[in-house]
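We will go from stop to stop.

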Amino acid sequence: MELIEEYEDSVIKDYLPFFGFLVLLVFCVIYEMINIGSPRPYSIKQGFQGTVTSKFVNKSYVYVGLTNAGNKQEIRNAYNYAYEPSHLISFIEVGDEVLKNDCSDTVYIKRGAEDFHFIQLAYWYNDETRTKEYKKEWMIKRLLRLNEEGCDVESIAVKYEREIDEMKNNEN
């Protein structure tokens, strides 16, 4: 009768993939904490401005360091299909001057002598593939969102009402 030799593998080798994953996870969390820090949250009611000194993108948010702000500013994705790229998070660069007024969902960017603007959650803005009805529906949602935030939308509503009248006149 022969003895069977048992080969005991190291416990560390068995769990090496798990330890590797854990180290990667911790590294990712630390990386995001360093790059994002404790940002100022995006709010329609609060404005901000400054020159972009750093940029960090995470999902549909961009976190920018501004010259006159201690913490990074969170900016939600905004759109303007007249520009390439049409998404703010891909468009904004270090060195751009950024302005967002109080009670506004529009982010203005000045790059050199050119001025650009992007509207938060405006998937329809300057998109020629969208129908007038689709744009009208989203413009109403935009006005309702501004109104829900406690912003005065009368001046915006007047402008929108004029656009609706022009569209009706063009259809006739």
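**Before you start.** This is a predicted model: local features need pLDDT of at least 70, side-chain atom pairs count only at pLDDT 80 or more, and totals for chains, interfaces and linings use all residues. Residues are numbered from 1 along each chain as its sequence is written, and side-chain values use heavy atoms, without hydrogens or water.

**Stop 1: the sheet.** Show the strands. Helices (H or I, at least four residues) and strands (E, at least two) are DSSP runs, numbered from the N terminus. Two strands pair if DSSP finds at least two bridges between them. Seven strands make an open sheet here, in the order β3-β2-β1-β5-β6-β7-β4. The pairing is antiparallel. Which strands lie at the edges? They are β3 (73-76) and β4 (78-79), and each pairs on one side only.

Stop 2: Select 48-58 and 97-100. These are β1 and β5, antiparallel over four bridges. Find G50; V98 in β5 is its bridge partner. E97 stands opposite K110. Five residues lie between β5 and β6 in their hairpin, where C103 has a positive phi near 55 degrees. Next, select 114-120. This is β7, joined to β6 by six bridges. T106 stands opposite I119. The β6-β7 hairpin has two residues between its strands. In that turn, G112 takes a positive phi of about 65 degrees.

**Stop 3: a nonpolar patch.** Select Y15, F18, F19, F21, L22, L25, V26, V29 and I30. Together they make a nonpolar surface patch of about 850 Å². Y15 sits in the loop between α1 (11-14) and α2 (16-36). Is Y15 buried, partly exposed or exposed? Y15 is partly exposed, because its relative accessibility is 46%. Buried means under 20% relative accessible area, exposed over 50%, and partly exposed in between (1.4 Å probe, protein chains only).

**Stop 4: helix α4.** Select 132-148. This helix has 17 residues and reaches 24 Å from its first C-alpha to its last. Its buried residues are W138, M139, R142, L143, R145 and L146. They cover an arc of only 160 degrees around the axis, so they lie on the same side of α4. An α-helix has 3.6 residues a turn, so residues three or four places apart point the same way. Turn to the face away from the buried side: the exposed residues E133 and E148 are there.

Technical notes. Patch = residues over 30% accessible without salt bridge, like charges linked within 9 Å, V, L, I, M, F, W, Y side chains within 5 Å. Areas by Shrake-Rupley, 256 points an atom, 1.4 Å probe, with all protein chains shown as cover. Salt bridge = Lys/Arg side-chain N within 4 Å of Asp/Glu carboxyl O. Expected span 1.5 Å × (residues − 1). Arc of directions from axis to C-beta.
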